[in-house]
Amino acid sequence: KPAGVMSYLYGNHVLKAHLGRITENTPKHQGVVFFSMGDIPLGFGVAAYSTKECRKLEGTAIVAFRQADVGQYLRDEDALSAYSS
């Protein structure tokens, strides 16, 4: 969902309310790749719950932990460019 994409790209974890779809039978603590609804890869992380557990959670629950995302470069651009000087 668009609000979820922006939240994720600002460095936040994924909430159930922001989840558009999820792969069936994803186990808890599985590495996952996050995509926009337009199938654009956004980053990767770890599932906080299995698919079955996710279906029972409230909208405010964190369903996946962000490890890295495409917005990270923009947030860290100043620090990264300091190393290249």
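View 1. Phe44 is partly exposed, with a relative accessible area of 43%; the class lies between buried (under 20%) and exposed (over 50%), for a 1.4 Å probe and protein chains only. The model is predicted: local features need pLDDT of at least 70 and side-chain atom pairs pLDDT 80 or more, whereas totals for chains, interfaces and linings use all residues. Residues are numbered from 1 along each chain as its sequence is written, and side-chain values use heavy atoms, without hydrogens and water. Phe44 sits in strand β3 (residues 41-47); strands (E, at least two residues) and helices (H or I, at least four) are DSSP runs numbered from the N terminus. Together with Val33 and Phe35, Phe44 makes up a nonpolar surface patch of about 310 Å² accessible area. Such a patch takes residues with over 30% relative accessible area and no salt bridge, joining nonpolar side chains (Val, Leu, Ile, Met, Phe, Trp, Tyr) within 5 Å and like charges within 9 Å. Areas are from the Shrake-Rupley method with a 1.4 Å probe, and for residues only the protein chains shown count as cover.

**View 2. Phe34 and its contacts.** Phe34 belongs to strand β2 and is buried, at 12% relative accessibility. Leaving aside neighbours within four places in sequence, its contacts include Tyr8, Val14, Ile40, Phe44 and Phe65, a contact being heavy atoms within 4.5 Å.

**View 3. The Arg21–Asp39 salt bridge.** The whole structure holds three salt bridges, each a side-chain nitrogen of Lys or Arg within 4 Å of a carboxyl oxygen of Asp or Glu. Arg21 and Asp39 form one of them, at 2.6 Å from N to O. Arg21 is in the loop between β1 (14-15) and β2 (31-35) and Asp39 in the loop between β2 and β3, so the pair ties together parts 18 residues apart in sequence. Both residues, Arg21 and Asp39, are exposed.

**View 4. The Arg55–Glu24 salt bridge.** The closest N and O atoms of Arg55 and Glu24 are 2.5 Å apart. Because Arg55 lies in the loop between α2 (51-54) and β4 (62-69) and Glu24 in the loop between β1 and β2, the pair ties together parts 31 residues apart in sequence. Arg55 is partly exposed at 49% relative accessible area, while Glu24 is exposed at 52%.

**View 5. The Arg66–Asp69 salt bridge.** Arg66 pairs with Asp69 in a salt bridge whose closest N and O atoms are 3.1 Å apart. Arg66 and Asp69 are both buried.
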